[in-house]
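Hi,

Here is the structure we talked about. Please load it first, then read my notes below.

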Amino acid sequence: MNKVFFSFDIEDYFMANCFDQQLKRSQWLGFESKIEYSFQILLDLLEKKNIKATLFFLGFIGKSHPKLVKIAHAKGHEIASHGYHHELVYNLSPNQFDEDIKKSTNILEDLIGEKILGYRSPSFSLDINDFRYTDILEKYGIKYDSSAFPNRFKSKSKINTKKPFFISDNLMEIPLSSEKLFGINFPLGGAYFRLYTKGLNRLLFRRYIEKNNLIFYLHPWELLNSHPFYPKNQYLRFKHTYNIGDNCKKKFLSIREFNTGLMREFLS
Ligand SMILES: [Zn+2]
């Protein structure tokens with residue numbers, strides 16, 4: 001029977017790439033953090049729905065808030081990597097990407113005392129056909145990547161399969177989910193999930209899972225009712241904040257009960 005694999009990219013609200021033009025990473029520690037608060041909301045929601053999820057932690061969060069990684073691990077969630085600094089991969093040279101992955105996996109592995117098996121690039125920015133980058137994931141022991149997003153606007157990896165597949169002998173790709181309805185592609189998760197009505201989300205989930213395992217994604221900052229500050233660009237601001245907080249929580253709670261799993265299960 002197909003399952004829903006709930007995944008969350010663990011980062012603070014101002015670390016999203018919509019702030020890249022506005023903020024420098026060297027300023028991150030100076031901003032009002034909401035990660036502990038938003039992460040607790042997320043843990044409570046998962047507990048309420050009895051879901052064990054895959055959490056793609058930024059290495060930066062692992063360093064600044066190690067407790068969150070340890071708590072999540074102790075609760076049985078899977079700890080995976082979202083890189084260190086949330087840089088778009090296509091803006092990094094292979095050497096810079098190597099540094100980012102090394103730093104992130106080292107920090108997270110030290111915290112949980114286990115190998116990190118999964119990786120998701122910031123804003124799905126890894127091109128999975130570029131072996132200069134995917135080889136680096138393998139070098140640090142990553143066994144699966146989840147960055148390819150079929151039919152997503154601006155997706156870097158052009159693929160049209162919904163099933164996990166091997167990029168190389170040792171690296172699996174687990175694509176995000178997108179369901180076609182009336183000839184239109186509806187990605188499942190994030191800003192799309194917040195934009196759709198409860199009914200539409202339920203319909204998309206039901207249709208998708210009839211044929212495939214569903215990979216869903218969201219961020220803890222999408223569960224906050226407001227953020228201390230916002231992207232200056234109006235479109236980015238809308239995309240970053242539309243229906244966040246209680247609206248998003250209600251939608252999440254209204255998802256029907258499905259069998260769920262951790263993404264590392266795909267490896268066995
Ligand atoms: Zn992210």
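Asn201 is buried, at 3% relative accessibility. The cut-off for buried is under 20% relative accessible area, so Asn201 falls inside it. Asn201 sits in helix α7, which covers residues 198–211. Leaving aside residues up to four places away in sequence, Asn201 touches Phe193, Tyr196 and Lys251. Bear in mind throughout that this is a predicted model.

Next, Leu46. This residue belongs to helix α1, residues 35–48. Leu46 is buried too, with a relative accessible area of 0%. What does Leu46 touch, not counting residues up to four places away in sequence? The list is Phe8, Ile51, Ala53, His77 and Phe252. For a sense of distance, take Leu46 and Asn160. They are 114 residues apart in sequence. In space, their C-alpha atoms are 30 Å apart.

Now the metal site. Which residues are the protein donors of the zinc ion? They are Glu11 through OE, His82 through NE2 and His86 through NE2. These donors lie 2.0 to 2.1 Å from the zinc ion. Along the chain, the donors follow the spacing E-x70-H-x3-H. Ideal angles at a metal are 109.5 degrees for four tetrahedral donors, and 90 or 180 degrees for six octahedral ones. Water is not among the atoms, so the site may look incomplete.

Two backbone points deserve a look. Asn50 has a positive phi of about 55 degrees, although it is not a glycine. Asn50 lies in the loop between α1 and β2, the latter being residues 54–57. Asn50 counts as exposed, at 66% relative accessibility. The cut-off for exposed is over 50%, so Asn50 passes it. Phe182 is the other point. Its phi is positive as well, at about 50 degrees, and Phe182 is not a glycine either. Where is Phe182 found? It is in the loop between β8 (178–181) and β9 (184–187). Phe182 is exposed, with a relative accessible area of 76%.

Finally, the chain as a whole. The secondary structure comes to 9 helices and 10 strands. The radius of gyration of the protein chain is 17 Å, close to the 18 Å that the globule rule gives for 268 residues, so the chain is as compact as a globular protein of that length. Along the principal axes, the C-alpha atoms fill a box of roughly 45 × 45 × 35 Å. Of the 268 residues, 56% count as buried.

Contacts come next. Take those between residues at least 6 apart in sequence: 77% of them join residues at least 24 apart.

Then surface and charge. The accessible surface of the protein chain is about 12,200 Å². Carbon and sulfur atoms account for 50% of that surface. The chain has 39 positive and 29 negative side chains. How far apart are the centres of the two sets? They lie 7 Å apart.

Best wishes

Technical notes. Residues are numbered from 1 along each chain as its sequence is written. This is a predicted model: local features need pLDDT of at least 70, side-chain atom pairs count only at pLDDT 80 or more; totals for chains, interfaces and linings use all residues. Side-chain values use heavy atoms; hydrogens and water are left out. Donors are N, O and S atoms within 2.8 Å of the metal (3.2 Å for Na, K and Ca); water is not among the atoms, so sites may look incomplete. Helices (H or I, at least four residues) and strands (E, at least two) are DSSP runs, numbered from the N terminus. The radius of gyration is taken over C-alpha atoms; the globule rule is 2.2 Å times the number of residues to the power 0.38. Buried means under 20% relative accessible area, exposed over 50%, partly exposed in between (1.4 Å probe, protein chains only). Contact means heavy atoms within 4.5 Å. Accessible areas come from the Shrake-Rupley method with a 1.4 Å probe; for residues, only the protein chains shown count as cover. Lys and Arg count as positive and Asp and Glu as negative; His and the chain ends are not counted. The place of a charge is taken as NZ of Lys, CZ of Arg, CG of Asp or CD of Glu.
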